[in-house]
Amino acid sequence: MKFFWIIPFFLLQGTEAFLMKNAKVKLCLQASPKNGNLLLEDCNPESDFQDWSWQGDSLMNHGTQSCLSVVGANRVQTSLCGSAGYTSWNCSNSLLSPLGRSPEAVYLVANRKGVTLSDMRGPKAQWQDVADRSVCEERAAEAEQDGYFFAALASTHVYDYSEDNATLALGIDQEKLEELLWFFRTEESSTWNYSVLVLSFVAMILGLVLLAINIVQNRRRKIYMYREAVQTAQQAELEAKQALKPVQEYSPAELRREEPVPQDERSGEVVVQWKDGTFTSLYTEI
């Protein structure tokens, strides 16, 4: 059971970064990526070079992955964590003082050029985050989290979660524990993985078959529509030719030639053809 609780503590070990804003000048401490110098710039939560976090007693910059150190007399800059410089700091009442410096108490103070060490205890020596909380509170929260982590690692007692013991460590009862154990259960998943693989392959083959059938049907439909359009055009052309054929076959001369002429018609007479087909002369000789 202890490994069940150790995993979340490992996940929680990602320390949260915070900005170090001076209470007097209202600017944030920023590390230079080139030479390790420290600058005071406008606070920018998106800048990694203004993100700091507690690593034990050291303050590490997330942009340069180096720690706040003291080099020389009162010069402060960033250097490799664990180097010869002072990388351990004591934090009390928003004041940062290097550990092992000297009997005289000195603090990290903001000045015109950046930061330095001084025995001043005013607002220039006070460091806060963007929410105006002391950076010491960030350290306290980090220390509390580390305490939980090491307590989980040190605990080797296996609790019995039988029916007689309904209340377990950390205030989780048996029902909740069984639910978590079921959620984080481990089992052999090879059969399930193979089944999903086979189903995926079958689905791919079925999709390819349906795609091929759709392509063939679309092609056949286009061919049928083309043939139908050709037949319609040919039929329309044939009907047009048949409609023009009587006009071409029967000329006015042929129509006059086909008209019946009475046998007894004489020159100069006016003959009328009636509907019944008979001919009558309008003017007859007397």
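Reply: Arg 133 is partly exposed, with a relative accessibility of 42%; under 20% counts as buried, over 50% as exposed and anything in between as partly exposed (1.4 Å probe, protein chains only). The model is a predicted one, in which local features need pLDDT of at least 70 and side-chain atom pairs count only at pLDDT 80 or more, while totals for chains, interfaces and linings use all residues. Residues are numbered from 1 along each chain as its sequence is written, and side-chain values use heavy atoms, with hydrogens and water left out.

The partner of Arg 133 is Asp 129: the two form a salt bridge whose closest N and O atoms are 3.1 Å apart. The term denotes a side-chain nitrogen of Lys or Arg within 4 Å of a carboxyl oxygen of Asp or Glu. In general, side chains of opposite charge can pair when their charged atoms come close. Asp 129 counts as buried, because its relative accessibility is 3%.

Asp 132 takes part in another bridge, in which its partner is Lys 21 and the closest N and O atoms are 2.9 Å apart. This pair connects distant parts of the chain, 111 residues apart: Lys 21 belongs to strand E1 (residues 21-22), and Asp 132 to the loop between strand E12 (127-128) and helix H2 (135-154). Helices (H or I, at least four residues) and strands (E, at least two) are DSSP runs, numbered from the N terminus. Lys 21, at 11% relative accessibility, is buried, whereas Asp 132, at 46%, is partly exposed. The backbone of Asp 132 also deserves attention: its phi is positive, about 60 degrees, although the residue is not a glycine. Most residues other than glycine have a negative phi. Gln 65 likewise has a positive phi, near 55 degrees, and is not a glycine. The place of Gln 65 is the loop between strand E5 (58-61) and strand E6 (66-71), and its relative accessible area of 49% makes it partly exposed.

The chain has three salt bridges by the rule already given. In one of them, Lys 241 meets Glu 237 at 3.8 Å, N to O. Both residues are in helix H4 (residues 190-249), and because they are four residues apart, about one helical turn separates them. Lys 241 is exposed at 54%, while Glu 237 is partly exposed at 46%.

Two contacts across the sequence may be set beside these pairs. Ser 94, in the loop between strand E8 (89-92) and strand E9 (95-98), is buried, with a relative accessible area of 10%. Leaving aside residues up to four places away in sequence, Ser 94 touches Ala 125, Gln 126, Trp 127, Ser 134 and Cys 136, where contact means heavy atoms within 4.5 Å. Gln 55 lies in strand E4 (residues 52-55) and is partly exposed, with a relative accessible area of 36%.

On the surface, Asp 173, Glu 175, Glu 178 and Glu 179 gather in a patch of negative charge. Patch members have over 30% relative accessible area and no salt bridge; like charges are joined within 9 Å, and nonpolar side chains (Val, Leu, Ile, Met, Phe, Trp, Tyr) within 5 Å. Glu 179 lies in helix H3 (residues 174-183) and is partly exposed at 47%. A nonpolar surface patch of about 1100 Å² includes Val 198, Phe 201, Met 204 and Ile 215. Ile 215 is part of helix H4, and its relative accessible area of 43% makes it partly exposed.

For the chain as a whole, there are five helices and 14 strands. Of its 286 residues, 26% are buried. Among contacts with a separation of 6 or more, 44% are between residues 24 or more positions apart. The accessible surface (Shrake-Rupley method, 1.4 Å probe) is about 20800 Å², and carbon and sulfur atoms account for 56% of that surface.

How values were computed. Lys, Arg positive; Asp, Glu negative; His and termini not counted. Charge placed at Lys NZ, Arg CZ, Asp CG, Glu CD.
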